[in-house]
Amino acid sequence: MGPVRSLRRTNPLTVIVGVVLCIVIFIFIIQPSNSDPPARKAAAASNPLSPPTSPFRKQNEQANGKRIPPPVVHYHMNNLTSSSDPVGNRETVLILTPLAKFYQEYWDNLLRLSYPHELITLAFIIPKNREGNAATAALQEQITKTQKSGPEKKRFASIIIERQDFEPPLVSQTETERHKMENQKSRRAAMSRARNSLLFTTLGPSTSWVLWLDADIVETPPTLIQDLAAHNKPIIVPNCFQRFTDPKTRKRAERPYDFNSWQDSETAQKLAEGMGKDDILLEGYAQMATYRTLMAYMADNNEGLEQEVNLDGVGGTALLVKAEVHRDGAMFPPFPFYNLIETEGFAKMAKRLGWSSFGLPNYKVYHYNE
């Protein structure tokens, strides 16, 4: 038997270099790509069970065809802020719109909002009827233009479209038909159901603010979200007006539109005392004079845009709400709640939960004029 050759002694430095190289390669393999913008990558969902306000990205399947189990995600709700500096604190905003008819001016106004679009989720609920189908088609066309081929800074974090699972109470959605007094209870009850369905299915654990914006609001300041949030109020509403051509002067003018933002009166309270539990108080109708103080008539060009007033009832044409108010249980009653319904009932319910409502009489948004 020949001599046994001893193994060559390995240099310790070679071993150390090899180990370090293996660690670097391993970290490189498991580290996610940084090709996407950080804000959008962080917002992307990887599983169907992720929060509804995150954009869904279809996950890969394992080699055996089985889906990877959904992740367990922890949310530290105490760290969630809704502050007077929402941009600086990177606070996410959920814009909710019940949409029965699509207005191009509404969409164009959304695109002009200066709040970072990567922090905004849009959500719509649309009736399942012929008019709703037309609105859905028009909306999807604009979404495609914005989200697929539009400038990056104009694209929203995610967009959700829902279709109502109940029939709308009114066949016609003309302004005249919508505002007939006899249609108010059924119409606003249906609106409450639509608002609640949209809210409950889209409010995620990372949402800081909810902006309710009607589909026929066609003009707001681009800084709408920042301006309203700067007041740091749980519920705040601007004054909703409508532009029109004065038939006497034939010049452009403006008039109050939303009369649901008000301060209560003794007359209204006495009217409610004499009503049945299924009756509702309505504002803006001569047949039911409440003598409430309406924010619609508080506008004063000599006062600043920042002027605040306390409110007992709010309108929903444009309404900014801290998400925690909704999480506490404040919703839109589709039934008479202290003889109030929908947005006015919401303000009452929020008040019972300890949240106050405020209005900005000199800060205006504008409603479409049919």
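Okay, ground rules. The model is predicted, so local features need pLDDT of at least 70 and side-chain atom pairs count only at pLDDT 80 or more, while totals for chains, interfaces and linings use all residues. Residues are numbered from 1 along each chain as its sequence is written, and side-chain values use heavy atoms, with hydrogens and water left out.

Let's start with strand β11, residues 318-322. Strands here are DSSP runs of E with at least two residues, helices are runs of H or I with at least four, and both are numbered from the N terminus. How many of the residues of β11 are buried? It's 5 of 5, where buried means under 20% relative accessible area, exposed means over 50%, and partly exposed is in between, using a 1.4 Å probe and protein chains only. In a regular strand the side chains alternate between the two faces of the sheet. Here both faces are covered: A318, L320 and K322 are buried on one side, and L319 and V321 on the other.

So who are the neighbours? Strand β4, residues 207-213, runs antiparallel to β11 and is joined to it by 5 bridges; two strands pair if DSSP finds at least two bridges between them. In that pairing, W212 stands opposite L319. Strand β6, residues 235-245, also pairs with β11 in the antiparallel sense, over 2 bridges, and I235 has V321 as its bridge partner.

Now the cores. A nonpolar core is a set of buried Ala, Val, Leu, Ile, Met, Phe, Trp, Tyr and Cys residues joined through side-chain atoms within 4.5 Å. The largest one has 38 residues, and I95 and W107 have the most contacts inside it. Contact means heavy atoms within 4.5 Å, and leaving out residues up to four places away in sequence, I95 touches residues including L110, I120, L122, L211 and I225.

On to the rings. The structure holds 7 aromatic pairs. Rings of Phe, Tyr and Trp (its six-membered ring) pair if their centres lie within 6.5 Å; planes under 30 degrees apart count as stacked, over 60 as edge-to-face, and the rest as tilted. Take Y103 and Y368: their centres are 4.4 Å apart and their planes sit at 40°, so this pair is tilted. Y103 is in the loop between β1 and α3, and Y368 is in the segment after β12, so the pair ties together parts 265 residues apart in sequence. Y103 is buried, at 7% relative accessibility, whereas Y368 is partly exposed, at 25%.

W107 and F156 make an edge-to-face pair, 6.2 Å centre to centre with 70° between the planes. W107 is buried at 0%, and F156 is buried at 1%.

K233 lies over the face of F358, at 4.4 Å from the ring centre, and R243 lies over Y366, at 3.8 Å.

Last, helix α6, residues 184-202. The expected span is 1.5 Å times one less than the number of residues. For these 19 residues that gives 27 Å, and the end C-alpha atoms are 27 Å apart, which agrees. Its buried residues include R187, A190, A194 and L198.

Conventions
A charge sits over a ring if NZ of Lys or CZ of Arg is within 6 Å of the ring centre and within 35 degrees of the ring normal.
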